[in-house]
Amino acid sequence: MPDKAFLFLYPQPEIFKHELRSKDNHFKKKYNMALNRCIHERYRQKDFSINYAILNDCEISDIIELQHLDKVLKVGMDSTTHRTQVNKKYPYPNEDYIINQLGEIELLRIAGFHAYDCCDKIAKRAYEKGIDTLVDEDLTQFFQMIFQDKDFKYDSYPSVNPKKGLNKELWRNFLENRKDKPWFLQDFNW
């Protein structure tokens, strides 16, 4: 088994439907092809195990082109539990339960929904366990905004300058979201 893994969180139909709700079919088709190409070129071709984590009672979206060796991991929680507040907070699946399903790994790249929520939680726990961890923010909710950029690269992260097009306030917010979180890219010397 490879010692490096790619983990895409919650590629479920309802999440993609929400994320792409205002997009036309032409855009969605380009999005699908580009997302699968990125996963293939960034990770599958570089010998990462490919893993998709979904809630127990959900299916994987047909946007994802599953390959023979890819794994679909159930996260130990159903959608009703995840979407029902307990003490004014929504419960999340146990990070260790998800990470342990990846096997013995030294390197983890995380993508999916959403960068500063679920991806952040899993990445933090993997980092605490001593795994070299990075969230590929290109392949999160930001993908629909950047994959058509002329500088976008399918085979590597980061592929575009994150500062491009951001005003000072948005740039400050972007940097604040990664403060003291080494599982998010820190070097922005473009």
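**Pockets, a cavity and the core**

Colleague: How much space lies in the second largest pocket?

Modeller: About 290 Å³. Keep in mind that this is a predicted model, where local features need pLDDT of at least 70, side-chain atom pairs count only at pLDDT 80 or more, and totals for chains, interfaces and linings use all residues. Residues are numbered from 1 along each chain as its sequence is written, and side-chain values use heavy atoms, with hydrogens and water left out.

Colleague: What counts as a pocket, and what as a cavity?

Modeller: Both are found on a 1 Å grid over the protein atoms alone. A cavity is a set of points where a 1.4 Å probe fits but cannot get out. A pocket is an open set with protein on both sides within 12 Å along at least five of seven lines. Lining residues have an atom within 4 Å of a point. A volume is the space filled by probe spheres set on the points, and grid points are joined across faces, edges and corners.

Colleague: Back to the second largest pocket. Which residues lie nearest its centre?

Modeller: Ile15, His82, Arg83, His114 and Cys118, out of 14 lining residues. Helix H1 (13-19) and helix H5 (115-128) each supply at least two. H1 has the largest share, three residues. Helices here are DSSP runs (H or I, at least four residues), strands likewise (E, at least two), numbered from the N terminus.

Colleague: And how big is the largest pocket?

Modeller: About 500 Å³. It has 21 lining residues, with Phe142, Ile146, Pro162, Leu166 and Phe174 nearest its centre. Helix H6 (143-146) and helix H7 (168-176) are the elements that give two or more residues to that lining. H7 gives the largest share, three residues.

Colleague: How does that lining divide by class?

Modeller: The largest pocket has 13 nonpolar, three polar and five charged residues in its lining. Nonpolar means Ala, Val, Leu, Ile, Met, Phe, Trp, Tyr, Cys and Pro; charged means Asp, Glu, Lys and Arg; the others, Gly among them, are polar.

Colleague: How many cavities of 30 Å³ or more are there?

Modeller: One. The residues lining it are Tyr10, Tyr92, Pro93, Glu95, Ile98, Cys118, Lys121 and Ile122. H5 supplies the largest share, three residues.

Colleague: New topic. In the largest nonpolar core, which residues touch the most other members?

Modeller: Tyr31 and Leu35, in a core of 52 residues. H2 gives the most, with six residues. A nonpolar core is a set of buried Ala, Val, Leu, Ile, Met, Phe, Trp, Tyr and Cys residues joined through side-chain atoms within 4.5 Å. Buried means under 20% relative accessible area, exposed over 50%, partly exposed in between (1.4 Å probe, protein chains only).

Colleague: What does Leu35 touch?

Modeller: Phe8, Phe16, Ile63, Ile64, Leu139 and Phe143, not counting residues up to four places away in sequence. Contact means heavy atoms within 4.5 Å.

Colleague: Last one. Is Asn51 buried or exposed?

Modeller: Asn51 counts as buried because its relative accessibility is 1%. Its place is in strand E2. The Asn51 side chain makes a polar contact with the side chain of Ser49 (3.1 Å). That term means a pair of N or O atoms within 3.5 Å; within protein, one must be able to donate a hydrogen and the other to accept it, and residues adjacent in sequence count only if both atoms are side-chain atoms.
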